[in-house]
Amino acid sequence: MKLTRLVKVLRTKNSGPFILTIDLIFKDKKIYQELKEKEYFSKKWWSDVYGIKEEDVISVIYFDPVCAVKCNIKRKITSGDPGDTDVYGAQQHAPLLEVDIDV
Amino acid sequence: MFKVYSPTAILGYGFSEESFENALRLKPDVIAVDAGSTDPGPYYLGKGISFVERYNTKRDLFYLLKMTKSLDIPLLIGSAGGCGTKSSVDWTFEIIKEICKENNWKFRIAKVYTDISKDFVKKALLEGNIKTLDGSKEFLEKDLERVTNIVAQIGIDPFIEAYKKDVNIVLCGRSYDPSPFAVLPILYGYPKGLSLHLGKILECGAIAAEPGSGRDGIMGVVYEDHFEVFPLIKTRKCTVNSVAAHTLYEKSDPYYLHGPDGVIDLTSTQFIQKDENTVIIEGSKFIDSKEKWLKIEGAALLGIRGVCIAGIRDPIMLSQIEDILSEHQKIVDDVFKEYEGKYKIYFHLYGKNGVMGEMEKEEKISHEIGLIIEVIGENIEIAKSILGFLRSTLLHYGYKGRISTAGNLAFPFSPSEVIWGEAYSFVVYHLIKLQDYDFPVLIEEV
């Protein structure tokens, strides 16, 4: 199933100038729990979605109070440095819109 | 209980009169507002100026001073002027002075400066008292040469010290976003974990409500063993979802929020819906830091940025756009040998990968491309010369298969180039050991 059908929030934003933090907030607690137990959103999964090296995925954290998965990745270019394309990091979510999830 | 009013996400982002009047009726014990962020990038810190316009800041301040006056409650402002340099604290102070003069109001104000001198940072570097933070790179003494401003992000202590000087208003330089909200509850004995977590939720105003807004306020009430948050207008609600989701926002780890005073530990935090609009939060703890390490931020001047905006609609040109642009890099390098190492060129291709750059996976490109040519030169002459040269050369470049021989670029504006101003980079984004460091507090009566 498309990830976009499972989540109510799908967003990216800077967490400081060097890190991009990605949030997925799930609609359904059961599906979230199932994916969490499977550790579905591994570092490998994120590196595939974003086409980046696995070592550039800093951490993946599950946040139960809102059924959320957070992933932190290294920004390729520091926020506001020459060549940057997104100073706030708020429009880096597009690769997730196409993703299918096995549920 | 202690009531904390957060009027807006960033001082100057605004709030409706209705929201303000509702807050006034609830008689908060303090108005706290955060004015800062590193989100807008390094420019504002580099220049030591606000990223919010003066008019907008003045409008918000007028209302907040009015409430301060009528309820006789304190107003605490964190990261005054956005980047929190001395210049931006003074800028905010001048606006307050102007409002007071216009309305014949009198206040006693504490200004807290949190700038850190380069010499102090150099010394700390030599003594091993600087650590990298959240992906920043180590810097050398020579990297500080072009840094224009360095500020430390302070916690609650300097605020408390300033407040104790019997003032109505504390105007603080760069501070940890939750600080101004948490200061008075902590001073009056409420638990640090709850007070700081409340600050974390309140610091973005109604962004923690549903629907969220950066241009509206929110109220927080601290009790001995929990706190509550609720919105100020009927069309918004605070829900477990909106509030807990906000705990994730812009943070790398929602369970442990690191700050200058220590860590807010949310591993046993509970979010409970009290009524339709109000959320109760309990269980947030605080872990005190043994050593005092503060975050410092500093931006270095890289040069002068010039920008040219143009559209490209020709499919023959678009099919070879990358080659054409790299050819232009070569042409410039060849013609401007004299300026070697003194400029950099960046092509932004909207309609191709303008938003995601190297991370873009979509291979097809749009029927038209918005091209932004960015040149950063060591000085304005170099930036202008190279940008002008690129514009004319690209406009008339004879690429392979060209049939549209009159010109390759559609400029929306005349002039087609603009000098954007100074370009900066975050060079300092580190932790510094600051044990027993006194930030200067200046008292002014207006």
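How many helices and how many strands are there in chain A? In this predicted model, chain A holds four helices and four strands. Read from the N terminus, these elements follow one another in the order α-β-β-α-α-β-β-α. The radius of gyration of chain A is 13 Å, close to the 13 Å given by the globule rule for 103 residues, so chain A is as compact as a globular protein of that length. Of the 103 residues in chain A, 40% are buried.

Helix 7 (residues 179–187) and helix 8 (residues 192–202) of chain B pack with their axes 7 Å apart, at an angle of about 150°. Because angles over 145 degrees count as roughly antiparallel, helix 7 of chain B is described as roughly antiparallel to helix 8 of chain B. The crossing of helix 7 past helix 8 in chain B is right-handed. On the helix 7 side, the contact is made by Ser179(B), Phe181(B), Ala182(B), Pro185(B) and Ile186(B). Helix 8 of chain B contributes Lys192(B), Ser195(B), Leu196(B), Leu198(B), Gly199(B) and Leu202(B). By class, the contact between these two helices of chain B has seven nonpolar, three polar and one charged residues.

Most peptide bonds are trans, and most residues other than glycine have a negative phi. Against that background, the peptide bond from Glu210(B) to Pro211(B) is cis, with omega near -5°. Pro211(B) is found in the loop between helix 8 and strand 8 (218–222) of chain B. A cis peptide bond also runs from Ser414(B) to Pro415(B), with omega near 0°. The loop that holds Pro415(B) lies between helix 12 (380–395) and strand 18 (417–433) of chain B.

Positive phi values can be found at aspartates of chain B. Asp72(B) is not a glycine, yet its phi is positive, at about 50°. This residue, Asp72(B), lies in the loop between helix 3 (54–71) and strand 3 (75–78) of chain B. Is Asp72(B) buried or exposed? Asp72(B) has 8 other C-beta atoms within 10 Å, and so it is exposed. Asp134(B), likewise not a glycine, has a positive phi of about 45°. Its place is the loop between strand 5 (130–132) and strand 6 (147–153) of chain B. With 18 other C-beta atoms within 10 Å, Asp134(B) is partly exposed.

Technical notes: Residues are numbered from 1 along each chain as its sequence is written. Chains are lettered from A and ligands numbered from 1 in the order in which they are written. This is a predicted model: local features need pLDDT of at least 70, side-chain atom pairs count only at pLDDT 80 or more; totals for chains, interfaces and linings use all residues. Axes are lines fitted to C-alpha atoms, for helices over the stretch in contact, and angles run from 0 to 180 degrees between N-to-C directions. Helices (H or I, at least four residues) and strands (E, at least two) are DSSP runs, numbered from the N terminus. Angles under 35 degrees count as roughly parallel, over 145 as roughly antiparallel, 65 to 115 as roughly perpendicular and the rest as oblique. A crossing is left-handed if the near helix is turned anticlockwise from the far one by less than a right angle, and right-handed if clockwise. Two residues are in contact if their C-beta atoms, placed from the backbone, lie within 7 Å. Ala, Val, Leu, Ile, Met, Phe, Trp, Tyr, Cys and Pro count as nonpolar, Asp, Glu, Lys and Arg as charged, and the others, Gly among them, as polar. The radius of gyration is taken over C-alpha atoms; the globule rule is 2.2 Å times the number of residues to the power 0.38. A residue is buried if 20 or more other C-beta atoms lie within 10 Å of its own, exposed if 12 or fewer, and partly exposed in between; C-beta atoms are placed from the backbone.
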